[in-house]
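The paragraphs that follow are meant for a reader meeting this structure for the first time. Please keep the sequence and the three-dimensional view at hand while reading.

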There are 2 protein chains.
Amino acid sequence: MGKRIITISREFGSGGRFIGMEVAQKLGVKYYDKEMIGQIAEQSGFSPKYIQENAELSPKKGLFAYAFSGRDQMGRSVEDMIYEAQRKIILDIAEREECVIIGRNADFILKDRDDVLNVFIHGNMPEKVKRICGLYNVTEQEAIKMTEDIDKRRMSNYRFYTDQKWGMASNYTLSLNSSVLGYEMCERIIMECGGR
Amino acid sequence: MGKRIITISREFGSGGRFIGMEVAQKLGVKYYDKEMIGQIAEQSGFSPKYIQENAELSPKKGLFAYAFSGRDQMGRSVEDMIYEAQRKIILDIAEREECVIIGRNADFILKDRDDVLNVFIHGNMPEKVKRICGLYNVTEQEAIKMTEDIDKRRMSNYRFYTDQKWGMASNYTLSLNSSVLGYEMCERIIMECGGR
């Protein structure tokens, strides 16, 4: 029951991205996160900077702004075009190679495949705040604000494009609290569940 | 980081109860589910049959019926009294011995302890339906209706007493899809995460 592809969704500050990188390295497979952005940019014609700011977090301006944002001739918003470009790249990658994909609703986009292990990494606020303060050199209060803002956007984006609730256990094969279990244990469990 | 207590919440038909029994047996610790009902009955003065029908699934009649149900002198409904009796027993058990506790919001009731591993077991509908048909000798349609009804009651009970959403990954240390991973893998992962 080996799973060729591992998707990792994560709460901000939970270390999910780091855990995904470690798993990819240990398995010797490719890891996709910001690396994807360049490819997305090529396909969609947007600048890498614009996509980095908008991808995954859109529709970040809320539904009202979304409703009146710029559209192409087919009525698609900029957000929809970026999402569609991302979706195609994720489908292509999954067809082509074993890999770890971080975020970007990859669990939902790849739902018709049976060789995918969908993982959700979450954590306790004190540990997440500590990690964010260290990584981004911000105060505790700023870190709390960041987790709230970023996870709210991820939740809203996920709901918008998947009609599912972000963070519900039933969306993922495996969900882990990295604050309680520790990163190494999370990595081991993910590899074990992936049959690797 | 060995966890003395393992709580298992589960979707109906996911095999969570079976997995919990197996884990308890393998660890040589006590397993609490229906066995608790006798103890609850003693403390609360209700008959075991009444509690079996009402515990965990209450307030099953909906908020309107709940609002007008019988109360004692302190304004507590029958459901509240059963819940309180359950809560006390769970706190006592956790203080006293290593064990596996199935359902009954034990994850929430024991939230102040740091020696508890909270697990949520879920599954895919086809596998759950197959299991329920086999266990209860019902048709597929009846099995689907059973899962919907029972999980809805569990969700409503959990929300009512914990103010949290049942099935959200963040409520549990570990959530597993037993249809994808298989029961044995789930048991192994639970024991590994419990540091056992």
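Helix α10 of chain A, which spans residues 183-193, is mostly covered, since eight of its eleven residues are buried. In this predicted model, the buried residues of α10(A) are M185(A), C186(A), E187(A), I189(A), I190(A), M191(A), E192(A) and C193(A). The helix is followed by G195(A), a residue whose phi is positive, near 70°.

What does this helix meet in the other chain? Residues M185(A), R188(A), I189(A), E192(A) and C193(A) of α10(A) are in contact with M185(B), R188(B), I189(B), E192(B) and C193(B) of α10(B). The two helices, each made of residues 183-193 in its own chain, pack at an angle of about 170°, and their axes are 11 Å apart. Because angles over 145 degrees count as roughly antiparallel, α10(A) and α10(B) are described as roughly antiparallel to each other.

Chain B is superposed on chain A by a rotation of 180° with 0.0 Å of shift along the axis, and the RMSD is 0.0 Å. The two copies are therefore related as by a two-fold rotation axis. The same surface serves both copies, as 100% of the contact residues of chain B recur in chain A.

In soluble globular proteins, nonpolar side chains tend to be buried together. Here the largest nonpolar core has 43 residues, and those with the most contacts inside it are I190(A) and I190(B). If neighbours within four places in sequence are left aside, I190(B) is in contact with I6(B), I8(B), I19(B), V23(B), L117(B), V119(B), I121(B), L174(B) and L176(B).

Chain A as a whole contains ten helices and five strands, and of its 196 residues 52% count as buried. Among the contacts in chain A with a separation of 6 or more, 71% are accounted for by residues 24 or more positions apart. One example of helix packing within this chain is given by α7(A), residues 125-136, and α8(A), residues 140-162, which pack at an angle of about 105° with their axes 9 Å apart. These two helices are therefore roughly perpendicular to each other. On the side of α7(A) the contact is made by M125(A), K128(A), V129(A), I132(A), C133(A) and Y136(A), and on the side of α8(A) by E140(A), A143(A), I144(A), M146(A), T147(A) and D151(A).

K3(B) lies in the segment before β1 (5-10) of chain B, and K3(B) is buried, with a relative accessible area of 9%. Although K3(B) and D114(B) are 111 residues apart in sequence, their C-alpha atoms are 7.9 Å apart in space. F46(A), for its part, is found in the loop between α2 (35-44) and α3 (48-54) of chain A, and is partly exposed, with a relative accessible area of 21%. F46(A) and I82(A) are 36 residues apart in sequence, with 8.2 Å between their C-alpha atoms.

A last point concerns confidence. Chain A averages a pLDDT of 87, and 86% of the residues score at least 70. Among the elements of chain A, helix α4 (residues 62-67) has the lowest mean pLDDT, at 55, whereas strand β5 (residues 174-177) has the highest, at 98.

Conventions:
Residues are numbered from 1 along each chain as its sequence is written. Chains are lettered from A and ligands numbered from 1 in the order in which they are written. This is a predicted model: local features need pLDDT of at least 70, side-chain atom pairs count only at pLDDT 80 or more; totals for chains, interfaces and linings use all residues. Side-chain values use heavy atoms; hydrogens and water are left out. Copies are superposed by least squares on the C-alpha atoms of residues with pLDDT of at least 70 in both. Contact means heavy atoms within 4.5 Å. A nonpolar core is a set of buried Ala, Val, Leu, Ile, Met, Phe, Trp, Tyr and Cys residues joined through side-chain atoms within 4.5 Å. Buried means under 20% relative accessible area, exposed over 50%, partly exposed in between (1.4 Å probe, protein chains only). Helices (H or I, at least four residues) and strands (E, at least two) are DSSP runs, numbered from the N terminus. pLDDT is the predictor's confidence in each residue, from 0 to 100. Axes are lines fitted to C-alpha atoms, for helices over the stretch in contact, and angles run from 0 to 180 degrees between N-to-C directions. Angles under 35 degrees count as roughly parallel, over 145 as roughly antiparallel, 65 to 115 as roughly perpendicular and the rest as oblique.
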